[in-house]
Amino acid sequence: MAAFYIQQLITSFIASAAFGMMFNAPKKALLQCGFAGMVGWLLYIMLQDMMVQPVTATVVAAFCVTMISHFFAKKYKTPIIVFSVSGIIPLVPGGVAYNALRHVAQNQFDQAVQLGAQAFMISGAIALGLLLSEVINQVIRKWSISRSISR
Amino acid sequence: MNDLLKREHDIIKVCLLAGKIMLQSGAETYRVEDTMMRIAAAYGVENSHSYMTPTGIIFSVEEPQHITRLIRISDRTTNLYKIDQVNSVSRRVSIGELTIEEARTALEKIEHEPAIYPTWLLILLSAVASGCFLIMFRGIWPDFIPAAIAGGLGFSCFVFMHRVIPVRFFAEFSGALLIGIASVWMVRYGFGHQLDMIIISSVMPLVPGLLITNAIRDLMAGHLISGLSKGAEAFVTSFAIGAGIAFTLSF
């Protein structure tokens, strides 16, 4: 079991950093890209092993990736998009969409529609994770501004 | 008065150049608008308005004279490095470190800067990423190399076709088609084992991840037209990939 998680950690780090490079991320940001992707994917995998629904797992993972990216963005004074993109990529429902397509190609439209709806739900879950993190971040920002004014 | 007008024109040019570079590199709409208005404000133009869609920017300044300019964006790629560079220029402008002329030369230098990683490295990276995705999706280690080969082939086909024929849809379609054909062949001749896994992981480098996240962020920030059109672009890309794969699977 530990070996499985170590494999997942290493491969998700490499994949996220490689995606950062494919998007021309600055060299100094690559390690952080890999880290954000690694944490998000590890959470996703662990939640899946705990029999949590894929949609819920995706919300949590996308939320964490964006929170970590916000932290890095503030720390290194770099646009948040540099860190968040490569972390979100592994969560994109490629497998489900592929299965939906395979059923389309075999003329089994009832199953294709089911899987397509699932892929759509997972994309919505990524959106929800991003949204929640954005909201929390704005609340924190407002709170810290009002606190510094009242001092 | 003439000097003031010339200064206003120069400010607008700098703002538009910054906006153009950011939009072409794939920044979120709200960040582009924010950057342009910050630069304008740093040079003393308080009332500026900008409106943008993924295909163009309209920028307007009210004082001392009303001037509106339009710039057309035809080609969009993903270049996070340039977004970061323009961001730091705008930061330096707003603390008063750069004059208008200096900011313009800095931005022009960023615009013509070549890609930081060479193409062969990108192809190699896409191969490695495909292999890693195979393991992440609970595939088996013997399939690592077949997935890497299929992913590398598909991505290089995409890059090559995009250079020859400037139609993105076709480039993505042919990349996915090559991935499908290569995977089916490798599985048929016993080199690969799980066809589904190999195809899913080697398609990942073509997936429009940046577009999807940007579309969501734009929609949330209230930039409805940009959000919808970026979503449409992401949908077209996914459709191209799907069509390429479905085409191979139907045989």
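These exercises walk through contacts, a core and domains in a predicted model.

Residues are numbered from 1 along each chain as its sequence is written, and chains are lettered from A in the order in which they are written. Because the model is predicted, local features need pLDDT of at least 70 and side-chain atom pairs count only at pLDDT 80 or more, while totals for chains, interfaces and linings use all residues.

**Exercise 1. Describe the side of chain A that touches chain B.**

Step 1. Count both sides. Chain A gives 38 residues and chain B gives 42 residues.
Step 2. Find the helices, which are DSSP runs (H or I, at least four residues) numbered from the N terminus. On chain A, H1 (2–22), H4 (81–88), H5 (94–105) and H6 (109–150) each supply at least two residues. H1(A) gives the most, with ten residues.
Step 3. Sort by class. Ala, Val, Leu, Ile, Met, Phe, Trp, Tyr, Cys and Pro count as nonpolar, Asp, Glu, Lys and Arg as charged, and the others, Gly among them, as polar. The chain A side has 26 nonpolar, ten polar and two charged residues.

**Exercise 2. Trace the largest nonpolar core.**

Step 1. Such a core is a set of buried Ala, Val, Leu, Ile, Met, Phe, Trp, Tyr and Cys residues joined through C-beta atoms within 7 Å.
Step 2. This core has 129 residues; A:Ala18 is one of those that touch the most other members.
Step 3. Helix H5 (residues 119–136) of chain B supplies the largest share, eleven residues.
Step 4. Look at A:Ala18 again. A:Ala18 touches B:Leu125, B:Val128 and B:Ala129, not counting residues up to four places away in sequence.

**Exercise 3. Relate the domains of chain B.**

Step 1. The assignment, automatic or from a database, gives domain 1 (2–111) and domain 2 (119–249).
Step 2. Their C-alpha centres lie 34 Å apart.
Step 3. Eight residues of domain 1 are in contact with ten residues of domain 2.

How values were computed:
Contact = placed C-beta atoms within 7 Å. Buried ≥ 20, exposed ≤ 12 C-beta atoms within 10 Å, placed from the backbone.
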